Amino acid sequence: MEIINNSYQLSNGVNALDLCEKYGCPLYVYDTAIIERQYNRLTNAFDVPNLKIHYACKALTNINILKFMKSLGAGLDTVSIQEVWMGLEAGFAASDIIYTPNCVSMEEIKFAVEAGVNINIDNISILEQFGHVYPEVPVCVRINPHILAGGSYKISTGHIDSKFGISIHQVPLLKRIVKATGIKVTGLHMHTGSEILDSEVFLNGAEILFNVAKEFDQLTSIDFGSGFKVPYKNDGIETDIESLGEKLSARFKEFCKNYGRDLQLIFEPGKFLVSESGFLFVKVNVIKQTTSTVFAGVDSGMNHLIRPMLYDAYHRIENISKPTGTTRIYNVVGYICETDTFGINRRLKEVQEGDVLAIYNSGAYCYMMSSNYNSRFRPAEVMVHQGKDYLIRNRETMEDLMKNQIEVDVFELQTTK
Ligand SMILES: *Cc1c(COP(=O)(O)O)cnc(C)c1O
C-alpha cells in the first residue's frame, strides 16, 4: 500500500479508505498483484528444469485466492482432507495437490487416496499401516532434518522434540519398512517451519535431504517445504530468495546429475505468497489516555487476528485516515474482553476516534485463525484484482452464530424457595 495523492492506495490506484467506506470495518482486503509479484519472485529465483510451487493453502483458503493461485500455475499443499476437498472444488487437478497431514487417522488418509492426491507421510507408524493397505500407491516421505533456525519455537517444526516428520535418525528403520512392505517412495520432503533468514541454514538442510535421497532410487521429486520469511517490520528483513535460489539451484542440478535423472524441485510457501497481500482495516472506537499510555481501541481483536497475541508477532500498523501530520505513540488494542494488544508503542499519525488503521501482513494465518470469541462476527473479505474490488466473503450475521446451535426445549421455570 502506498500513499499516492495524499491517500493510501492498493495496486492499480484502488483507494483503501473507499473500500472501508463501501464494505465497512473491520475488513480483510487481499491484493492479488502482491501475490503475483511474490509468485514471480520465487519462480524467477530458481533456475532448474522442473520447478513446482505448491501454495500452502492453510495460510488463506478463500476459494478465489485458490483459483488465483491456480491461474498463476501453482499447485496446492494441504494439511487436511477438508483442504484437499477445497482444492478440488477450486479446480485443481488431484495430481497438483500434495497432502501433508500430521497425526491424522488412517481413515482420513484413505479419503485422500480416494481423491487421488499426492500423499506425504510423516511418521513411521502410519507409513507401515499405509504400506500394508496400499502397497501400490506411491508416497512422499517427510523427513525431519532437525535444523532449528529463526522464528519462534512455537512455529518451528525442525527441532528434536518436534511431532513433525520422520527423524533423520530413523532413516535406517524407514528403509527397512520400505523394503518389507514394498512401498514406492517417489518423493522426499522437509519443512522446518522456521523462518529462515540465512540461506546457509537452508542449504545445510538441503544437504541432509540429498544424503537421504541417495538411498532411494525411485524418486521423482524433492520438496523443500517452506520457511521463507517475509518482512513484517519496516526494516525489510526477509529471506534473500534470489541468493538462496541461485545457490540451491546449482546444488540441485548437481545432485540430479549424480542421481541420474532430473527431479522436480518443489516448494510449499504459504506466508511468502500471501502475507503481504493482506490488510486488516479496523476502525478506532476509543482513544483512552492513562498516566503513561495512550490507547487506541479498535473494532477488532484477537478474534480476528490472533498472531500478535499468540506468537508475539509484529504487524505493522498505520493510520490510513491521516497520511500526513504529527506522530504520536499508541498502544493499539482490541475490543475483546482479554488483553488483546495488536501493537505496543507504535508511532502513528495522530489518531482520532473514527480513524481507520491498517494492520499489515494480514494475508497469512489471519482470517484463517479467526474465531467467534465474544460472539463477534468474522469480518468480510475483499479481493482487489486488476483495479477492481470484489466481495469474496460476507461479514457474518446472527444467523451464522446460531447456525449449528440446537435449542432443546427442556427447561421449566426454576422457582427458588
Ligand atoms: C504450513 C506449512 C507450509 C507453509 O509454511 P509458511 O511458513 O506459511 O510458508 C508448508 N508446508 C507444510 C507442510 C506446512 O505445514
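How far does a polar side-chain atom of K58 lie from an oxygen atom of the ligand? The distance is 2.8 Å.

This structure is a predicted model, in which local features need pLDDT of at least 70, side-chain atom pairs count only at pLDDT 80 or more, and totals for chains, interfaces and linings use all residues. Residues are numbered from 1 along each chain as its sequence is written, and side-chain values use heavy atoms, with hydrogens and water left out.

**The ligand site**

Around the ligand stand 13 residues, of which K58, S226, E268, K271 and Y365 come nearest; a residue is near a molecule or strand if one of its heavy atoms lies within 4 Å of it. The shell consists of 4 nonpolar, 4 polar and 5 charged residues. In this division Ala, Val, Leu, Ile, Met, Phe, Trp, Tyr, Cys and Pro count as nonpolar, Asp, Glu, Lys and Arg as charged, and the others, Gly among them, as polar.

| Residue | Protein atom | Ligand atom | Distance |
|---|---|---|---|
| K58 | polar side-chain atom | oxygen | 2.8 Å |
| K271 | backbone N or O atom | oxygen | 2.8 Å |
| D77 | side-chain N or O atom | nitrogen | 3.4 Å |

On its own, the ligand has 390 Å² of accessible area, and the protein covers 91% of this. Accessible areas come from the Shrake-Rupley method with a 1.4 Å probe.

**Domains**

The domain assignment of the chain, which is automatic or taken from a database, gives domain 1 (2-29 + 279-402) and domain 2 (32-274). Taken over C-alpha atoms, the centres of domain 1 and domain 2 are separated by 32 Å. Contact (heavy atoms within 4.5 Å) links 19 residues of domain 1 with 19 residues of domain 2.

**Local backbone features**

Helices (H or I, at least four residues) and strands (E, at least two) are DSSP runs, numbered from the N terminus. N12 is found in the loop between β2 (7-9) and α1; although N12 is not a glycine, its phi is positive, at about 55°. The loop between α1 (16-23) and β3 (27-31) holds P26. The peptide bond from C25 to P26 is cis, with omega near -10°.

Strands β19 (residues 380-385) and β20 (residues 388-393) run antiparallel and are joined by 5 bridges; two strands pair if DSSP finds at least two bridges between them. E381 stands opposite R393 in β20. The hairpin of β19 and β20 has 2 residues between the strands, and Q386 takes a positive phi near 50° there.

Conventions:
A polar contact is a pair of N or O atoms within 3.5 Å; within protein, one must be able to donate a hydrogen and the other to accept it, and residues adjacent in sequence count only if both atoms are side-chain atoms.
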